[in-house]
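Keep the sequence at hand as you read.

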Amino acid sequence: MTSTLTLALIASTAVAGYLAAQGTRHTSSSLVNATASSTTATGSSTAKPGGPGPSAAKPPAATSFSVYAAAGANALSPVARTARPMVYVPNTLNDSVQLIDPRTYRVVGRFRTPREPQHVVPSWDLKTLWVNEDKGNALTPINPVTGAPGRPVHVDDPYNLYFTPDGKHALVMAERLHRIDVRDAHTMKLLRSLPVPCAGINHADFSADLTLLVASCEFSGKLVVLDAAATKVRKVIDLNTAKTPGATSPHDAMAMPGSPKNGLRPGASSMPQDVRLSPDGRDFLVADMLRNGVWVVDAHTLVVARFIHTGLGAHGLYPSRDGRQVYVANRDAGTITVLDATTLAAAALWRIPGGGSPDMGGVTADGSQLWLAGRYDAVVYVFDTATGRLVHKIAVDSGPHGLCVWPQPGLFSLGHTGNMR
């Protein structure tokens, strides 16, 4: 109890410090005002007419403060320091989780899970890692100190998992059921459900002041904006109305064998995936697997500002430990685009020799490596972040997805494979 209260106090202090550094731009009142005229759950807000095409780089932020400052290199919390260094790989087609020793790059363990494990998610208090098994309707806890799994907990359709900033509630992205289930963060007891007016609810991130949540709906090409406690949908952002360069047509996408793109709903021409707040807190970045790039949504106005083409099948987003770069995994292109975090201009392009399918993963505690699952190649990729070179390719079971590198720096986890603050 003492460690939990201490963690909560530290987290609260960190948020207060951020708001003081940012002035009024990201205060709770300004965000409420920005959404006061938004539509209800049945309405929508469209992108700018004509679509956000290429534009000049945005001006530098007024401050060098990063929302990920507490998740800087090697800034492990006392709880995280007790964890056994390990990379946990959920394999959707093999119903297994494999453990890779990050020092030897060898698979050192494996356990079975309920059907279709999707992501391995650190809990808010960093004391548990949860394996999300959507078709198995379960969450399997892992003890990060030992790496051993516990007894699965029955939870309906947990495709992905997030936590409210106060650490009290778990937000289960029940994609198949078109809702977000709010549960007790420790027992996973269901408290209430929030239906969402879109298909394919999956990835999300919180605003800088932790008052708003932006989540992607991959099969209907929309984003939903909610309050942090997920009590109601405040706004719907329709990405289908904007034109972007280098997009894949829905017809061609649905013809791709084995691809989840065949789940697109009629009228959808966008397929938003991972959502991450930019290090300066000014924008939500949204990877789009059909538009092949990243949407930039102003975190203050909640309006699409522009689009950045990165590569075929843009999927995962990961800030560097120093907050100066954002790594974009282009799953269908077999590449990683490195964005400058301040200007959002492409700074580098890393290629997997012979091609590949980089998906979800995370950055090591010291920031020196980026680990990504090779979704369709039964491998895990390890990139040197200083050179962009692929330094290891590790064979795993079929369908590796949301792997978790653990421990990671940060005061608390907001979910996914390590959205740390």
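A residue counts as buried when its relative accessible area is under 20%, and as exposed when that area is over 50%; partly exposed lies in between. Keep that scale in mind for what follows. The model is predicted.

Begin with the whole chain. The protein chain holds four helices and 30 strands. Of its 421 residues, 60% are buried. Its accessible surface comes to about 15100 Å², and 55% of that belongs to carbon and sulfur atoms. Among contacts with a separation of 6 or more, 51% are between residues 24 or more positions apart.

Now look at one hairpin. Strand E3 covers residues 96-101 and strand E4 covers residues 106-112; six bridges pair them in the antiparallel sense. Ile100 stands opposite Val107 in E4. Four residues lie between the two strands, and Tyr105 takes a positive phi near 65 degrees in this hairpin.

Next comes a sheet. Strands of a sheet pair through backbone hydrogen bonds, either parallel or antiparallel. Here four strands form an open sheet in the order E10-E11-E12-E13, with antiparallel pairing. E10 (160-163) and E13 (190-195) are the edge strands, each pairing on one side only. On average, neighbouring strands of this sheet are turned by 25 degrees against each other, direction ignored. Strand E12 (residues 179-184) is joined to E13 by five bridges. Across that pairing, Asp181 stands opposite Ser193 in E13.

Charged pairs come last. Side chains of opposite charge can pair when their charged atoms come close. The count of salt bridges is 10. One of them joins the side chains of Arg110 and Asp397 at 2.7 Å, N to O. Arg110 sits in strand E4 and Asp397 in the loop between E29 and E30, 287 residues apart. Arg110 has a relative accessible area of 43%, so it is partly exposed. Asp397, at 15%, is buried.

Which side chain does Arg331 meet in a salt bridge? The partner is Asp359, at 2.6 Å, N to O. Arg331 lies in the loop between E23 and E24, while Asp359 lies in strand E26, 28 residues apart. Arg331 has 2% relative accessibility, so it counts as buried. Asp359, at 0%, counts as buried too.

Asp359 also meets Arg375 in a salt bridge, at 3.3 Å, N to O. Arg375 is in the loop between E27 and E28, so this pair ties together parts that are 16 residues apart in sequence. Arg375 counts as buried at 14% relative accessibility. Elsewhere, salt bridges that share partners join Asp156, Arg179 and Asp181 into one network.

Conventions
Residues are numbered from 1 along each chain as its sequence is written. This is a predicted model: local features need pLDDT of at least 70, side-chain atom pairs count only at pLDDT 80 or more; totals for chains, interfaces and linings use all residues. Side-chain values use heavy atoms; hydrogens and water are left out. Two strands pair if DSSP finds at least two bridges between them. Axes are lines fitted to C-alpha atoms, for helices over the stretch in contact, and angles run from 0 to 180 degrees between N-to-C directions. Buried means under 20% relative accessible area, exposed over 50%, partly exposed in between (1.4 Å probe, protein chains only). Contact means heavy atoms within 4.5 Å. Accessible areas come from the Shrake-Rupley method with a 1.4 Å probe; for residues, only the protein chains shown count as cover. A salt bridge is a side-chain nitrogen of Lys or Arg within 4 Å of a carboxyl oxygen of Asp or Glu.
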